[in-house]
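Here is a short briefing to read with the model open beside you.

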Amino acid sequence: MVYFINDIITGALIGLLYALVAMGFVVIYRASKVFNFAQGELVIIGGFIVWFTTMQLGLSLWLSIPLSLVLAGLVGYAIERIFLTKLIGESVFSMVMVTVGLLILLRGLVLLLFGPAVRPFPIIFPLKPLFLGDMLIPMNLLAGGIITIVAAVGLSWFFNRTRSGLRMTAVAEDHVVASSMGISVKGSIAFAWVLGAILSTIGAMIFLSGKSLTFLASDIGFAALPVALFAGLESIGGLILAGVIIGIAQSLTTNYLDPLIGGSLGSVVPYIIMLAILLVRPTGLFGWRTIERV
Amino acid sequence: MAPALILSAGRNIMLELNNVEVTYSDVILALKGVSMTVREGQCVALLGGNGAGKSTTLKAISGTLKSEDGTVSAGSIVLNGTAIQNMEASNVVKNGLIHVMEGRRVLRHLTSEQNLIVGGHMVPNTAELKRRLDHVYTLMPRLADLRNRTSGFMSGGEQQLLLIGRAMMAKPKIIAIDEPSLGLAPMMIRDVYAVLRQLKSEGTTFFLVEQNSAAALSIADYAYVMENGRIVMDGPADKLADNEDIKEFYLGVTASGERKSYREIKHYRRRKRWLG
Amino acid sequence: EETYNLALLSDFSGPYADIMPIWTGSREAVFDWWNETSGKDLGVTLNYKNYETRYDAAQVASLWPGIKSELDPIAVVGLGGPDVAALSERLPEDKIPMFMATAAYGYAWQPDSWIFNPRPTYSHESAAFLAWLKEQRGGDEPLKAAIMASEASPAYVDMAKGLELYAEEHPQELDLVEVIYTEVQPTDLTAQMRRVARAGAEALIIQTNTSIVVAAKRGLQANGADIPILMSSHNGLPASGGALGGLDQLEGDYEAYGMAVAADEDTPARQFYETLVAEHGLEAPWSVVTAMGISQGLYTVAVIGHAIEENGAEGLTGEMVREALFARPITAEETHGFLPTLTFTPDAPFPLEGLKVNVGTVRDGKIAIEATGVDVPDVQKW
Amino acid sequence: MTTASGSAPLAVRNATLKFGGVTALDDVSITVNDDELLAIIGPNGAGKTSLLNVTAGFYRPQKGRVELSGTNVTGLRVDQIARRGLARTFQGTHLFAGQTVVENIMIGRHMLMKSNVIQAFFQFGPVMREESEHREAAEEIIDFLEIEAIRSRPVGTLGYGLRKRVDLGRALAQEPSILLMDEPMAGMNSEEKEDLARFILDVREARKIPVVLVEHDMGVVMDLADRIVVLDFGRVIAEGTPDEIQNNPAVIKAYLG
Amino acid sequence: MDPSGIFPTSYRADRRVVRTRWQAAALALFVVLMLAAPYLAGGRIIAVLNMMMISAVIAVGLQICTGYAGQINLGQAAFMGVGAYTASILASKTGLTFLLTIPLAGFSAALFGFLFGLTAARIKGFYLALTTIAAQFIFHFAVLNLPSSWMGGSNGITVPPAELFGLRFVGETAQFYMNFAVAAIMVAGAFGIVRSRFGRAFVAVRDDDVAAGIMGINVAATKATAFLIGAFYAGVGGALWAYLIRFVGVDQFTLFHSIFFVAMIIVGGMGSIVGALVGVFVIRFIQEIVATVGPNIADSVSFLGGDIVFAGMNVILGGVIAMFMILEPKGLMHRWNIIKSSYRIWPFPY
Ligand SMILES: Nc1ncnc2c1ncn2[C@@H]1O[C@H](COP(=O)(O)OP(=O)(O)OP(=O)(O)O)[C@@H](O)[C@H]1O
Ligand SMILES: Nc1ncnc2c1ncn2[C@@H]1O[C@H](COP(=O)(O)OP(=O)(O)OP(=O)(O)O)[C@@H](O)[C@H]1O
Ligand SMILES: CC(C)C[C@H](N)C(=O)O
Ligand SMILES: [Mg+2]
Ligand SMILES: [Mg+2]
């Protein structure tokens, strides 16, 4: 029973990590209507930046973490400048497809810059787990869970309650309308990518702390995707619930069902849950409903 | 053209189009050298048949052509001394022009009031924002009733009102508005025009594209008529309202001043085109 | 003077890109060495060319026709599972054999193969290790072990399948307490490692990749569990140690495979490596990957040498090379002790008899040979 | 008004439609008789479009029913209702913007065509014949609406007025037995309105189909309509001939001003 | 749009794909060149052409589903996989001839695609696009976890050569003709479909599904049909793939492969069959160039390791796709059409 509860807690925390990565998707979507397929790549880039500042430059964590976040933001900004700015005014679809190109491109660039080697990743959160009686909670996931919740609450306040947030919402609705009202679509998208890159870097730190880093780490992007859809692409607060549900479901499947069937249903379960919810609510739990009017 | 000069004498030019050409998709030439002048405080109407290029003119001014693969391929557009052809739409707004687009483009998932707030996003403080909201609501009480309605679900006319209100929120120097009366009930048209007149009296300049020529000419100081991407006629509004052809084709009254009956129209139709 | 071509398949950018430069550098050094020594005597030059397949069957399949027409190779020097998958049906038709370096695969365990491994399957290797470990431990109860696998590659699943069958058939030897499937880049294995520890595992087999070793190691550390991990050649001690930030992290863990362990000891293999470094421009460090590359090169040239002795230097074909492989054993001397004496038969793609496994470990932060010539137990085909 | 309601081409009975707290239709009943042009007018937000939407099956009323020639079609999908002979044009445009005028009109004929995917794949003779036949019908409509010149222009590049005409053409291509039009005249100048008015009258003459017209241009409505229904706040507040309506004080107060 | 001076005189003529003598001549020349290719070109080129033709079948299917019907599909590789597995299982277990296995592969993929298409009745836009990724994962899971006697599990399945009347289609040349024949039929069929009432219904659903419904088009069924057809093409392509590679394994059909198919139709241009073909050519061509030229560059420039090849390929391909979207968001065919129409009205700009 203790183990069962522990599995639920760990699952929920992993789910929150997914939610954090998914927040990268959502933030970019929420401020620009662009679905960023290259989100997983942003996670690796963040990872490599952290690796570079700690392992290569040898900076202490206190220095390297803020430095990495700034660098990540710059990378996000650069990507936006190079690839997306020129497309403002074109269909959103084109922008989304640019991110498909980016997915392939960034993967190659990471390889070119950092090579394929498996790199040690710094230990950012203590390796010793937290023991609660018989239960054990990995520190990185615990810290990640807290960060996720704080970030989600903060960002959803920002998007829903502040004037800037509303401006970005307008961009997400309709680029042309937003810019015809004097809202800088460029600024909104740039902000989104900076934020998306920073969130991804935080995600990378939690995900990879004390482990190893290769470009395969980008898979977490697609692991987090169901969480984003489950919550609905416009909902930041909803990610918490979605992450917890999916994380628990996945953990229980991996721990109790997979040994029985001898397969890895665990990795598919998030997608199955996502499909199920979308069939009931086609835009996720809290996403904007499609408006059809004639 | 003398009266026009008199009318506009002493007023600054706010918006000027010089031989503007607009090309869509690199091949379709939609405006073929259009020149116009809008002076401060004036209301200038742009009339013309379907496909004449009226909306294209507005889009060229406001910088929203790009999303339809169009560009200003020649000529210049000057707003308050700044050249704005092919400028990004959001910067045109910063220069004081708001374009109320055709097609009822409300921010559909936001409520009516949120739409208005976004419209006033450049307002520096909350008190001022509140004041402008109230101003909109007093001029258009219907919007006050609808303030919490998701704008995407509102009726066509309601959305039209919202767009006008949203433009007002930015307190622009000049509003370029595309067919404000489109889809409005007769009473509502009167109300909307009353609002426009009110704004005009408060000093807002208008660039007005209309099909409802009667309404447009009733408020406009000066009017241009466009056909096929060219200006074919222009003059002070009252002058144009007396023009025979304008009467027949835009105001729907016969030369004798009577309204024609739609039932009486025969199978043959007189087709007369101005050659530009 | 005859020239023959070898096609070298490599993965410079897939999952094994990290070890590829060393691997292919080593085998190329062997070919250079051979050209300058035996090749000169026999009047034969081996010309080789690397092809980037990124460990992707589709890429292999699409490159293959071009390789064939461009190079007309007498043998392919292969890389891993995807090559086998993509070419096992094509090579018999094109009559070109392929020589691998890695352990073999259960799914390719067919008679009349054209693809050959000098080592038995991964499951053979892990079973041998476990048998050895049990002996070390003493006692009669079966050894409890767990294995990590992944569905990311058929080869990974194969590792688990083979060992599962072995455990089933030898219940007195091995009790496989956990078979855990995970991603190639796992999020967190703390929970899984607790399961392993709870089950009382005495060894953890991870023959997949480095990332899983690292995550598992961290998971074990988090649980305060000290269970030795067995790694294979391609994710062995140096690679995993590097990814963990130091070999010392792997103190007491093992690697085991059917070829020489790249330890500090002075062995014939080590000496041959030094020759290659000194005289043939080899730049790779002395590591298991280097050993893999050299052993692959050595048995390949040995077979080609046999074929030339048999058929003369002229008109050598892939078919003759394959015949030569079966015709006589490749002795341990010929491979400078990198490999045991190999006796191939048409029954299997790897030698079924005389198989030996070496075990390496980390002692005092250094790689050391723990055991040599460990017998491989009888693993049934699965 | 006198036709036995059982066989009226279209009847909406006691329809009530609510969206959350908003009542778009409140117990609305209308009947459209054979070969009649019924106009629906009312202030903005009165529920005119909603009424058409309920009729076309786009919204499902909470109460009440919709009958086409006496058969109950409430709850059917829009396409099923369209196949039962109801066509409509839209407020604003809902054309297929990337397609040419001909293609838009051919889409209107989709449901009248019968070929299946396999035939289409192999392009057998019958498919080609069917295509040609329907293309001919489409061309007739193009001729009729006098849009030959823009036949192969993508609709997205047309001005509003022409789009409205294409919209009508597409509805006609469905060979409907009843036609609903939502503000067809909006955005037109009087010359264009005259053209369209003529087309509407011609349609009735040639096809003898009843038309339901929602329109704000009183000139058009008064001239064309046989009968007018006035909606306000989702309720029918008046019904009658143009003359009756023009002088109805409730209508003047709510709508005409 | 037509070149100037072409006035079709019948509706049938107006529907033709090949409209001018030049086009007919170009097409004929192309066919002749293709038929002669095995005698003109080396093995590598034939291998590349084989890949291109198979990709073409799959990309054309995706074009119908995504470019025409607007249902973004990131599961095309999974559908291809279903086809490949079906053909492999049928061929290896029942010894059925490829004349049957190829269409059956198409049908089984179509069934799988149809099931996903049904979800399109409710789920729309990006949500749908992203749910098709689920197809990918579910396919993967199913193959790996169903008893391995069914689909070979992780071991994959080896495929016997395609055979007809005792004639074995092995070797590049024989397979080349088989692929060419199938690809030609499939592409011709695609032209038929997109110009039929179905093609128009797809476009209608894509442009405005509300209006499409009111036109009497069953929107849900149409979307499902689009998926069905797209998946059918993928299945046929998968079967050809299986016969070419002679081995199918689950990692030949990953999300990455799907993304590449999407890239092909983007580069070529959405909503155009020819565009899909152009896109296949461009993407595959770049892939091959990088794969062949890359190692040589790496060899001659010593400080570049062999590892730049794939990395470089990704950078170039990703860069090309991104650049395409930035410079030519509507794809190559769009540019071509503009060139054509400006040529038509040249020298007058209007
Ligand atoms: N995106 C576009 N691409 C190509 N041509 C276009 C595009 N938009 C408009 N046009 C063409 O430009 C011309 C002018 O169109 P515009 O929309 O400005 O007309 P309008 O005067 O506003 O007409 P309406 O009163 O019908 O709204 C028309 O002939 C139209 O076909
Ligand atoms: N889907 C919906 N959800 C919520 N409210 C709706 C919805 N559809 C319509 N409404 C509301 O119902 C009322 C009637 O709308 P409707 O579109 O029928 O008006 P209308 O008579 O056509 O007006 P107009 O002349 O302006 O087009 C409006 O107040 C509108 O806001
Ligand atoms: C070194 C690697 C290529 C080993 C891998 N497990 C294989 O497929 O054989
Ligand atoms: Mg217009
Ligand atoms: Mg309406």
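The shell around ligand 2 is made up of seven nonpolar, ten polar and five charged residues; here Ala, Val, Leu, Ile, Met, Phe, Trp, Tyr, Cys and Pro count as nonpolar, Asp, Glu, Lys and Arg as charged, and the others, Gly among them, as polar. This is a predicted model, in which local features need pLDDT of at least 70 and side-chain atom pairs count only at pLDDT 80 or more, while totals for chains, interfaces and linings use all residues. Residues are numbered from 1 along each chain as its sequence is written, chains are lettered from A and ligands numbered from 1 in the order in which they are written, and side-chain values use heavy atoms, with hydrogens and water left out.

**Ligand 2**

- You will find ligand 2 between chains A, B and D.
- It has 22 residues around it, of which Arg149(B), Ser155(B), Gly157(B), Thr49(D) and Ser50(D) come nearest (a residue is near if one of its heavy atoms lies within 4 Å).
- Helix H7 (156–169) of chain B and helix H1 (48–56) of chain D each give the shell at least two residues; helices (H or I, at least four residues) and strands (E, at least two) are DSSP runs, numbered from the N terminus.
- From chain B, a polar backbone atom of Phe153(B) lies 3.2 Å from a nitrogen atom of ligand 2; a polar contact is a pair of N or O atoms within 3.5 Å.
- On its own, ligand 2 has 630 Å² of accessible area, and the protein covers 96% of it (Shrake-Rupley method, 1.4 Å probe).

**The magnesium ion**

- The protein donors of the magnesium ion (ligand 5) are OG1 of Thr49(D) and OE1 of Gln91(D), at 1.9 to 2.2 Å; donors are N, O and S atoms within 2.8 Å of the metal (3.2 Å for Na, K and Ca), and water is not among the atoms, so sites may look incomplete.
- Thr49(D) sits in helix H1 of chain D and Gln91(D) in the loop between strand S6 (86–88) and helix H3 (101–108) of chain D, so the pair ties together parts that are 42 residues apart in sequence.
- Thr49(D) is buried at 9% relative accessible area, and Gln91(D) is buried at 10% (buried means under 20%, exposed over 50%, partly exposed in between).

**Ligand 1**

- Ligand 1 lies between chains B and D.
- Among the 21 residues around ligand 1, the nearest are Ser55(B), Thr56(B), Arg153(D), Thr157(D) and Tyr160(D).
- By class, the shell has six nonpolar, ten polar and five charged residues, and H2(B) gives the largest share, three residues.

**A sheet in chain D**

- Four strands of chain D form an open sheet in the order S2-S1-S4-S5, with antiparallel pairing (two strands pair if DSSP finds at least two bridges between them).
- Strand S2 (22–32) and strand S5 (71–72) stand at the edges with a single partner strand each, so one side of each is left without a neighbour in the sheet.
- Strands S1 (residues 10–19) and S4 (residues 63–68) of chain D run antiparallel and are joined by five bridges, with Val12(D) opposite Val66(D) in S4(D).

Notes:
A polar contact is a pair of N or O atoms within 3.5 Å; within protein, one must be able to donate a hydrogen and the other to accept it, and residues adjacent in sequence count only if both atoms are side-chain atoms. Buried means under 20% relative accessible area, exposed over 50%, partly exposed in between (1.4 Å probe, protein chains only).
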